[in-house]
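Q: Please take this model term by term. For each label, set the value against its cut-off and conclude.

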Protein chains: 2
Amino acid sequence: MWDQIVLGLLLIPKLGLVRESTHGKFLISQSNLNEISSSGYKFYNYSQTIDHFNYRPESYDIFQQRYAINDKYWGGAKNNSPIFVYTGDEASLESVIRSAGFLVDNAPHFQALLVVIEHRYYGESNPFGSRKQAYQNTSTLGYFSSTQALADYAQLITELKKNLSANNCPVIAMGGSYGGMLASWFRLKYPHIVIGAFASSAPILYFDDITPENGYLSIVTKDFQETSKSCYRTIRESWFEIDKFGLEINGLSVLSQIFHTCRPLNNTPELKDALASIYSAAAQYDDPTTQPVNLLCSGIDGAFDEATILERVFTGITPWNGKKQCFDIDVYNIDDSASETAIGWYWQTCSEMVMPIGCDSNDTMFQAQPFNIYNYTMDCQKKWGVTPRPHWMTTEFGGHNIKSVLRNFGSNIIFSNGLRDPYSSGGVLCNISDTIVAIYTTQGSHCLDILPATPADPEWLIAQRNEEVKIIERWIAEYKANIIA
Amino acid sequence: MWDQIVLGLLLIPKLGLVRESTHGKFLISQSNLNEISSSGYKFYNYSQTIDHFNYRPESYDIFQQRYAINDKYWGGAKNNSPIFVYTGDEASLESVIRSAGFLVDNAPHFQALLVVIEHRYYGESNPFGSRKQAYQNTSTLGYFSSTQALADYAQLITELKKNLSANNCPVIAMGGSYGGMLASWFRLKYPHIVIGAFASSAPILYFDDITPENGYLSIVTKDFQETSKSCYRTIRESWFEIDKFGLEINGLSVLSQIFHTCRPLNNTPELKDALASIYSAAAQYDDPTTQPVNLLCSGIDGAFDEATILERVFTGITPWNGKKQCFDIDVYNIDDSASETAIGWYWQTCSEMVMPIGCDSNDTMFQAQPFNIYNYTMDCQKKWGVTPRPHWMTTEFGGHNIKSVLRNFGSNIIFSNGLRDPYSSGGVLCNISDTIVAIYTTQGSHCLDILPATPADPEWLIAQRNEEVKIIERWIAEYKANIIA
C-alpha cells in the first residue's frame, strides 16, 4: 500500500541511505568521498542535556553528542571569521560530513570554521549509552524530536563559541533535506545564534494540508515523462500487468521469475512497493552526471523488441540489482537489518514528521492510493507504540500562508531546490522577501547544490552555487558592518 | 540575604500578589475590578497536551487548561476582526482577567475577540488532576516551563481559530511582566500564529549577564531619592541601625517592639528582607494615583520630630500593616500559606527564570549583597529538589545584542515600560527597528499601561496607551492589506 511505500520514500531523502541500500550507478563517486573524509575534520563529544524543555529529574540526564570541527581554513576569532554549522540530520556524522560538500568547498573562500553536529539518536549520539538502549522503547526513544535537536544545536553552538572566544563570529546554519528543514527552522527559532540559513531541498511545506498529497509522485511522474514518454507509459501500464498475474494461480511464481527476485514473492504489493521505491529514488537523485531516470528508461525502452511490459521493467531496474545478481525486494523494507538512517527516520515520521505523501487521483504513473492517516497511525502504533502528531509540525514551525507570515518577519534564508526532485513540491519556490529567497534549477535533483562539487558539474549548477555564495557573503558583510557600527 | 529577598521581589511582579499579600493603599480600586470581572468573559476548558516536545508514553497525557473568551465586542470571523490573546502568567485566570484592562478597554474600538489563557500550573490549569497532585514533586512539576506554556498557547489558539472558522482573523498577543515576556517570545517563536505582540513591562533582558545585577535595586533607590532625599537617607541608614540592635543582647526584642512585629523576630535578616520587599513593591507599583513611594516617604519624613531612624521607618511602613494592626513579616516569606502566584513563581525562578538581581556595590539605598548563583542553586535544590538552568533563557530566547539580532529579524512588537518600575532596567528601552519599538514613560510603574484605564489616569499614560493602540491598528491594517493582496 502507498502508506508503506511512502514511508519507504521518506527513507531515501539522504544520499547516505541510497548509498547503503541500493546499488545503482547514481552514487556520487567514491574517490570524491575519500577526499572529503580526509579533509581535516576532528571529532569531539559534547555533554548534551537530554530534555531541554522540562525539569523532571530525568530531564537532566546527559548524553554524549558527537560533533566535528574543521579549522583548516578558519580566519580565526580575531577576524570575526564565519562559522558554518551543518545541522546534522538522519545519518551518522561521517555520512553527513561526506554529503556536506558545500561547506568544505567554500571554506577557503570564506575562511570559515566548519562544524558538523550529529543529530541525537543517529551515529554515536545515542542517549542512554548505546543505540540499543536508546531504541529499546518509547520511554527512551521519546526524546527523539526535532525541537530537542534544535535546542541541542543552540546549546552546543553557544558553548562552543564561548570556548573559542568567538562570540562575534557570525554563524550560518546549513543543511539538506531534513537537515535543510532544521537549518531554516533554526534561523527562524534561534536568530540570536545564526545570522542566516542555507536550506537545500527542504520540504518544509510538505506537512498537514499545505502541499497536495500527490505532489511528490507527480514530480516522479513528470521526470519520467520528460525523459521518455514510452518509458512512462510502460511503467504506468505495468501495475495492471502485475495485478493480472496476482490473480492467476501461479502468478506470483511467474512474477518472481520475470523479476529474478532473490526469494519468491509473497504478494504483489511487495513487488510494487519495491519498484515504486526505485522509481522514486531515481527521480529524487536524478543528477545530471549519472542520470538514473535516463538509465532506467534506457533499459525499459531498449529491451529486446518482443519484450513484454514486465520484461521491459525488469530490464530497466537491472542496474539496481547490485552484487546479488537478483532483485532483492527486502532492501526496500524497514526491518531490523535496515540502515540506522532508515530506522531512525521511520521513528521520526511516526512521531512528528508526518508528511502526507500519497496519490489521490490517476494523474501520475502510479496507481491511485490516497494518503490515509488512519492506516498510517495504525502502522506507527504497531511498529513503535507511538501515535503520530500530524499537526504538530505546522503548529510549531508554521508553513500555512508562509509568504504572508514571513514577508515582514525573519530574514536571511536561502531555500534552494532542484525541480526534478520530487520533494521540491513541498519546498519554498518563490521569494518571500528580499532576504528570504528561493533559488531553484529546473534540472536539479535532491540536495544537489549542497553536495560536493565535481568537475562534471553543469553550468547551471555552478551558477546556482555561485548565487548562494554571493548571498551568504552579503549576510556576513551586513553582519560585520552592523557590529562595527 | 539578598538571594532570598530577590526571590521575594520576583514574587511581586503581578498586582494579584500585592493585592493578596500586602495591604497598602496602592491597589487598583475594587469597584473597577468588579466591573471588569462582570464584563462578559465566559470560561472554557481545553484538553491540553502535557509535553509538546517529547514522545514518551507520559508525554501524551492530557490536562484541562482553562481559558476565557469575551465575544461581546467581536466583529466576527467574516469581517476578519482581530483576536486579542492575553498570554496568561503567574496567576489564576480570574486574576489575570482583572489585570488585563487594556484588552477590554480597547475591544470595542477594535471589535476584538478577547481570549485569556490560564498558564499551566496556575489557577485551575493543573496537570495530574489537582494542584496538590501537580505540585507533589519534580516528576509532576517538571512540565512547568515557559516553552511548554508557549506551545500550549500555540496549540490552543490554532484549534480555537479553526473552531471559530476564524483562520483569517489576525491574532495579537498581549501580556504584562512575565506575561509580557511570554507575549514577545510568542511573537518571536510563533509568528505564524500571532501577527504582533504588546509586551508591557517585560524584563526579557534580566537574564544571564545582559543587565547589571543591581539594575533593579538601583531604580528602587532612584524612585525613593527622587521622591524624598531625606527619606532615601533614612532608609539607607536604617540597615546599620538594625545591625546595631542585632549585636545587642536584647536587640531583637527591642526591634520587635519598634516595628510592632506580629511575632518576635528570630534574626535581623528577616526584618531587613521584609522591609526591602515593601520598598521594592512600592517602587514597582508606584502608580501616579496611589503613589506608594510618596506615601511611605511621607510617613518616614513626617514622623514626630524626635523619632529615631527606625521609628521613622516604622511610621513609613505602617500603612502596609493591614488589618492585623501589626507588622506581619511572614507575609514576605514563601511558605505553604503563600499565594499560588508566590509558590508557582518560586518554582519558575528555581528552574529557568533565573534573574540575577542583586546589589554588588554600595550605590543603592540597600546594603551590598551580590547575587550568588551558588546560594541561589542551593536554596532551589533544598526547596524544590531542582537545579536551576541559569543560561537556558538566553539560549532559548536570546537577549544578548538584541538590537543587532532583531534589527533585521522579526517585527511587530511593542515593548512598553514605565521607568519608575525597577524591572524596566531589564526591559527593551530603545527602538530595535521600525516595527519592534520601545515606548516608555518616565513616570510609569510596572504594567501600568496594560492595567484597566481609570478616570484618574494622567495625560502621559493616556498618550502612551493611544500610541500603543495606533501601532496595533497599523499591524492590523497591514495584515488586512496583505491578505487581500
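Q: How many salt bridges does a search of the whole structure find over all chains?
A: The search finds 32. A pair counts when a side-chain nitrogen of Lys or Arg lies within 4 Å of a carboxyl oxygen of Asp or Glu. This is a predicted model, where local features need pLDDT of at least 70, side-chain atom pairs count only at pLDDT 80 or more, and totals for chains, interfaces and linings use all residues. Side-chain values use heavy atoms, without hydrogens and water, residues are numbered from 1 along each chain as its sequence is written, and chains are lettered from A and ligands numbered from 1 in the order in which they are written.

Q: Why is the contact of E58(B) and R56(A) called a salt bridge?
A: N and O are 3.6 Å apart. The cut-off is 4 Å, so the pair qualifies.

Q: What makes E58(B) and R56(A) a pair that joins two chains?
A: E58(B) sits in the loop between β1 (42–49) and β2 (62–70) of chain B, and R56(A) in the loop between β1 (42–49) and β2 (62–70) of chain A, so the pair joins two chains. Strands are DSSP runs of E, at least two residues, and helices are runs of H or I, at least four, numbered from the N terminus.

Q: Why does E58(B) count as partly exposed, and why does R56(A) count as buried?
A: Buried means under 20% relative accessible area, exposed over 50%, partly exposed in between (1.4 Å probe, protein chains only). E58(B) has 24%, so it is partly exposed. R56(A) has 11%, so it is buried.

Q: Which parts of the chain does the pair R66(B) and E118(B) link?
A: Their side chains meet in a salt bridge, 2.8 Å from N to O. R66(B) is in strand β2 of chain B, and E118(B) is in the loop between β4 (113–117) and α6 (131–134) of chain B.

Q: What does F224(A) touch, not counting residues up to four places away in sequence?
A: Among them are C231(A), Y232(A), Y279(A), L296(A) and M365(A). Contact means heavy atoms within 4.5 Å. F224(A) is also one of the residues that touch the most other members of the largest nonpolar core, which has 230 residues. Such a core is a set of buried Ala, Val, Leu, Ile, Met, Phe, Trp, Tyr and Cys residues joined through side-chain atoms within 4.5 Å.

Q: What makes α9 of chain B largely enclosed?
A: 12 of its 12 residues are buried, so the rest of the structure largely encloses α9(B). Its end C-alpha atoms are 16 Å apart, which agrees with the 16 Å that its 12 residues should span. S184(B) is found in this helix. At 0% relative accessible area, S184(B) is buried. Leaving aside neighbours within four places in sequence, S184(B) contacts A197(B), A199(B), I204(B), I413(B) and F415(B).

Q: Why are the two copies said to be related as by a two-fold rotation axis?
A: Chain B can be laid on chain A by a turn of 180° and a shift of 0.0 Å along the axis, with an RMSD of 0.0 Å. The two copies are therefore related as by a two-fold axis. The superposition is by least squares on C-alpha atoms of residues with pLDDT of at least 70 in both.

Technical notes. The expected span of a helix is 1.5 Å times one less than its number of residues.
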